[in-house]
Amino acid sequence: MQRIVSGMRSTGRLHLGHYLGVIQNWVELQDSNECYFFVADWHALTTRYDNTKDLRQDVVDVVIDWLASGINPEKSTIYVQSLIPEIAELNIYLSMVTPQNWVERDPTLKDMAKILREKETSNSQISYGLMGYPVLMSADIMMLNATAVPVGIDQVAHIEITRDIVRRFNNIYKTDFFNEPTPVLNHCSLICGLDGNKMSKSYNNDIKISDTEEVTAKKIMTAITDRNRIRRDDPGHPEQCEVAFKYWQIFGNDEQIDAVKCECEKGLRGCADCKRQLGMLVNERLNDIRERRLYYEAHLNEVHQIIRNGSDKTRAEAKKVLYEVKNIIGMY
């Protein structure tokens with residue numbers, strides 16, 4: 001059994017990209033590991049410090065989506081980052097030993113900085129908090145002395161800076177206290193947005209876990225298909241179908257995928273009919289999740305209690321780690 005730590009920024013209601021790319025894997029991991037999953041509301045402030053009116057509700061929405069998707073609070077510990085002040089103190093100690101160039105080369109920071117520079121808003125400048133994002137991320141992981149972190153293949157580099165900081169801390173203070181966390185690769189499917197770009201609510205191309213059947217079906221009807229196909233009975237090219245066929249490959253079984261491919265290539269399946277059927281398939285997959293979500297929306301006290309219980313448990317563990325860290329460093 002490994003101690004696993006992973007989190008998501010509190011950006012509000014989650015979409016299928018979150019579910020397929022992250023949550024689905026968490027649900028599997030919780031059955032055989034000690035899992036801690038946190039809502040990263042401090043990380044949300046790195047780019048949204050001037051727009052916090054929905055921050056509390058965003059935290060709740062993220063947790064509800066987790067619970068609806070199968071994260072079981074009896075198996076996993078759910079907590080909110082800002083309710084663990086020990087993380088902030090550990091972040092200070094780690095920032096003292098982390099070289100500046102390590103932070104500057106972090107790929108996540110580079111991507112976020114690029115997005116900010118493209119915006120002409122009041123928070124388009126890189127803040128001190130955003131610069132320190134990689135160290136705070138490491139503090140999140142090291143606060144519970146995690147042994148593993150689930151990530152996608154494109155996120156392995158993000159974990160490497162944590163491993164570097166662990167080695168540097170252990171070397172400076174002549175200790176082997178901190179574990180070097182290993183990345184656990186997600187084997188879940190990745191899904192693009194309805195326009196073919198990365199799925200993101202900021203691009204308005206996402207399907208949310210909380211969307212109704214009607215909204216989901218309507219959104220899927222906007223999905224990009226084979227741009228070279230003009231008439232319904234024209235032979236199609238599934239491999240050139242930028243979104244719809246990719247969704248079939250994720251949500252359909254082998255028999256369904258083969259049938260769609262064959263009918264498309266022979267001009268026996270129109271794109272509109274194909275997307276209507278796809279909408280029904282996606283809705284079928286989301287039915288149980290939606291039912292559980294409606295339950296938690298109607299029982300918010302239960303959601304808040306899950307957050308409090310998980311945060312209390314996590315803070316107790318964090319205090320143990322911080323006590324050892326301060327002794328190792330020699331703090332008063």
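Q: How many residues in the lining of the largest cavity are nonpolar, polar and charged?
A: Keep in mind that this is a predicted model, where local features need pLDDT of at least 70, side-chain atom pairs count only at pLDDT 80 or more, and totals for chains, interfaces and linings use all residues. Numbering runs from 1 along each chain as its sequence is written, and side-chain values use heavy atoms, leaving out hydrogens and water. The lining (residues with an atom within 4 Å of a point of the cavity, a set of 1 Å grid points where a 1.4 Å probe fits but cannot get out) includes R229, C241, C264, C271 and C274, which lie nearest the centre. Its residues divide into nine nonpolar, three polar and four charged.

Q: Which elements give two or more residues to the lining of the largest cavity?
A: About 110 Å³ of space lies in this cavity, whose lining comprises 16 residues. The elements giving two or more of them are α11 (244–251), α12 (254–265) and α13 (271–298).

Q: How is α4 oriented relative to α8: roughly parallel, roughly perpendicular or oblique?
A: Helices here are DSSP runs (H or I, at least four residues). Helix α4 (residues 86–97) packs on helix α8 (residues 133–142) at about 120 degrees, with axes 9 Å apart. Angles under 35 degrees count as roughly parallel, over 145 as roughly antiparallel and 65 to 115 as roughly perpendicular, so α4 is oblique.

Q: Which residues of α8 make the contact with α4?
A: Contact means heavy atoms within 4.5 Å. On the α4 side it involves I87, L90, N91, L94 and S95. Facing them on α8 are V135, L136, S138, A139, D140 and M142.

Technical notes
Axes are lines fitted to C-alpha atoms, for helices over the stretch in contact, and angles run from 0 to 180 degrees between N-to-C directions. On a 1 Å grid over the protein atoms alone, a cavity is a set of points where a 1.4 Å probe fits but cannot get out, and a pocket is an open set with protein on both sides within 12 Å along at least five of seven lines; lining residues have an atom within 4 Å of a point. Grid points are joined across faces, edges and corners, and a volume is the space filled by probe spheres set on the points. Ala, Val, Leu, Ile, Met, Phe, Trp, Tyr, Cys and Pro count as nonpolar, Asp, Glu, Lys and Arg as charged, and the others, Gly among them, as polar.
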